[in-house]
Amino acid sequence: MVVCDPSIPGTHHEENPCLIAEVLSPSTQDRDRREKWVAYKSIGSLRHYLLIRQDDMQIEHRLGTGEDQPWQHEIVGPDDEFNLTCPGAHFVVSDLYLGINLSGD
């Protein structure tokens, strides 16, 4: 979870996240895509919800504007460049997976 609002003092940052990322597992991925998503999309400060696969280099990205616009959805793979307005990050998806052995060996 990331919060980009420096005006929030103390330990209450989790109340206004701009980014939430979930690492998917077989036992939780359905819940992350349904129940958690229903709860998360009602958070007014949320701009990015990432569902990060652990078995291959793929990220599901749900992007919100904070206005009364529909959420956008994209799936990005290893060679795709990825931009997050909050926290202001730009990277190639495979860079996120550096040093992780996806083959299980």
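Colleague: How exposed is Arg33?

Modeller: Arg33 is partly exposed, its relative accessible area being 23%. Here buried means under 20% relative accessible area, exposed means over 50%, and partly exposed lies in between, with a 1.4 Å probe and protein chains only. This is a predicted model, in which local features need pLDDT of at least 70 and side-chain atom pairs count only at pLDDT 80 or more, while totals for chains, interfaces and linings use all residues. Residues are numbered from 1 along each chain as its sequence is written, and side-chain values use heavy atoms, with hydrogens and water left out.

Colleague: Which side chain does Arg33 meet in a salt bridge?

Modeller: That of Glu60, at 2.4 Å from N to O. A salt bridge is counted when a side-chain nitrogen of Lys or Arg is within 4 Å of a carboxyl oxygen of Asp or Glu. Arg33 lies in helix H1 and Glu60 in strand S3, so the pair ties together parts that are 27 residues apart in sequence. Helices (H or I, at least four residues) and strands (E, at least two) are DSSP runs, numbered from the N terminus.

Colleague: And Glu60, buried or exposed?

Modeller: Glu60 counts as buried, with 7% relative accessibility.

Colleague: How many salt bridges are there in the whole structure?

Modeller: A search finds five. One of them joins the side chains of Lys36 and Asp32, 3.3 Å from N to O. Both residues lie in helix H1, four residues apart, or about one turn of the helix, and both are buried. In general, an α-helix has 3.6 residues a turn, so residues three or four places apart point the same way.

Colleague: What about Arg53?

Modeller: The side chain of Arg53 forms a salt bridge with that of Asp55, at 3.0 Å from N to O. Arg53 is partly exposed at 21% relative accessible area, and Asp55 is partly exposed as well, at 48%. Elsewhere, salt bridges with shared partners link Glu22, Asp32 and Lys36 into one network.

Colleague: Changing topic, what is the strand order in the four-stranded sheet?

Modeller: The order is S1-S2-S3-S4, in an open sheet with mixed pairing. Strands S1 (19–23) and S4 (72–76) are at the edges, each pairing on one side only. Two strands pair if DSSP finds at least two bridges between them. On average, neighbouring strands of this sheet are turned by 15° against each other, direction ignored.

Colleague: Where does helix H1 pack?

Modeller: Helix H1 (residues 29–40) packs on the sheet and touches S1, S2 and S3, its direction making about 165° with that of S2. Contact means heavy atoms within 4.5 Å; axes are lines fitted to C-alpha atoms, for helices over the stretch in contact, and angles run from 0 to 180 degrees between N-to-C directions.

Colleague: Which residues of H1 are buried?

Modeller: They are Asp32, Lys36, Trp37 and Tyr40. Seen down the axis of H1, these buried residues fall within an arc of 115°, so they line one face of the helix. The arc is that of the directions from the helix axis to the C-beta atoms.

Colleague: How do S2 and S3 run?

Modeller: Strands S2 (residues 48–52) and S3 (residues 59–63) run antiparallel, joined by five bridges. Leu50 stands opposite His61 in S3.

Colleague: What do S5 and S6 form?

Modeller: S5 and S6 form a hairpin with four residues between them, and Gly88 in the turn has a positive phi of about 80°. The covered face of S5 (residues 81–84) carries Phe82 and Leu84, the uncovered one Glu81 and Asn83.
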